[in-house]
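Subject: Structure handover

Hi,

Here is the structure I promised to pass on. My notes on its strands and sheets follow below.

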Amino acid sequence: MSEQTTQSQRSVVVAGAGMAGVQTAVALREQGFTGTVTLIGAEPHQPYDRPPLSKAVLLGKAEGSAFDVDFESLGIDLRLGREVLGVRVADRELDTEAGPVPYDVLVLATGAEPIRLPGVEGVPGVHLLRTLDDAERLRPVLARQHDIVVVGAGWIGAEFATAAREAGCAVTVVEAADRPLAGALPAEVAAPMAAWYADSGAVLRTNTRVAGVEPGAVILDDGSRVPAGAVVVGIGARPATAWLAGSGIELGAHGEVVADDRLRTSVPDVYAVGDCASFPSGRYGERLLVHHWDNALQGPRTVAADILGQTPAVYDPVPYFWSEQFGRFVQYAGHHAAADTTLWRGDPSGPAWSVCWLRDDRLVALLAVGRPRDLAQGRRLIEAGTPMNTELMTDPARALKAATA
């Protein structure tokens, strides 16, 4: 039997119809896979992109953000509104609400789910912002210009606060840490961002926790009450993998699927991609769990190539993401945890500046605020491992690519 014949009889089932799942199905067809491809999504909507949810969809500037993919013409069997319940790897069957689905190859792409604020289950007016339904529930809240309390000053909290201020709402952001983006950036880098809230007319309360929510108000841990027509919780996300308990597929410390450098799991013919999976990074010497759009875009190409037996290059991207908040375009590339030097380009109290992290004179990460050219050049320099001249780098008028050693 020829390899082509064998391949045409194989079935790949992709669990999860977000960016990672959709891109995996598309990449399989683009790379020549001729077997059956089944894409299973928990939501009833056509698969859609998430970044517009906290921007255009939320503000009523767009009805949705469906991917521009013709699943029918690609021969992708799209099964929506079907939650996955478990997998029996010995039987090669995925259990779903609509019954079992057999597979030859399984791709786990179930993404992440928002962490819920304890003690507010079932309280009216408390929202998350993760799905299209979430955004559509919040749109009339913004239109009515309610007082809004945002819990968490991370990326999603900042983006929602930005949209709410744009809609004319009074916004208070409550953050347990001493600064915004505490989980993502060092204190000295996040500190200048605190001023952005006040500049936009939002109130940022750090070192503050929510003690409770009652109709029309949030009670803080110091006993104060903040008026709240709505509460939006943005305190992080965790891999959506609880359904894999007992499957025999190895999970990591954060509940994520442990994948190798080709995004293969501990079980043969099962892959994991996107927010639900961690992978070993040779570049950074540690395992990375990346909850960002670009990772969900890049990983599927590696998965598809490996399924097709093409021996892809190891998956070791330079992580990248962006955020639009308070009139600023913020971009980040790399991973700064192992850096030994931090350099600034420009004044962080101004509208445009960058921070560079280096290890042994090589750029390992870069944060750019309103300096997209720094980001584009820096990302290439990180990928290449180019030695840098640290004295030249601190001149914001000099192109980064002209600051090499």
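Before the details, two terms: strands (E, at least two residues) and helices (H or I, at least four) are DSSP runs, numbered from the N terminus, and two strands pair if DSSP finds at least two bridges between them. This is a predicted model, so local features need pLDDT of at least 70 and side-chain atom pairs count only at pLDDT 80 or more, while totals for chains, interfaces and linings use all residues. Residues are numbered from 1 along each chain as its sequence is written, and side-chain values use heavy atoms, with hydrogens and water left out.

Let me start with the three-stranded sheet. It is open, has mixed pairing and runs in the order β18-β20-β21. Its edges are β18 (257-258) and β21 (286-289), each pairing on one side only. Two parallel bridges link β18 to β20 (residues 277-281), and V257 has A277 in β20 as its bridge partner.

The other sheet is open too, with five strands in parallel pairing, ordered β3-β2-β1-β7-β19. Here β3 (76-79) and β19 (270-272) are the edge strands, pairing on one side only. On average, neighbouring strands are turned by 20° against each other, direction ignored; axes are lines fitted to C-alpha atoms (for helices over the stretch in contact), and angles run from 0 to 180 degrees between N-to-C directions.

Within this sheet, β1 (residues 11-15) and β2 (residues 36-40) run parallel and are joined by five bridges, with V13 partnered by T38 in β2. Helix α2 (residues 19-30) lies across β1, β2, β3 and β7 (105-108), at about 170° to β2; contact means heavy atoms within 4.5 Å.

Best wishes
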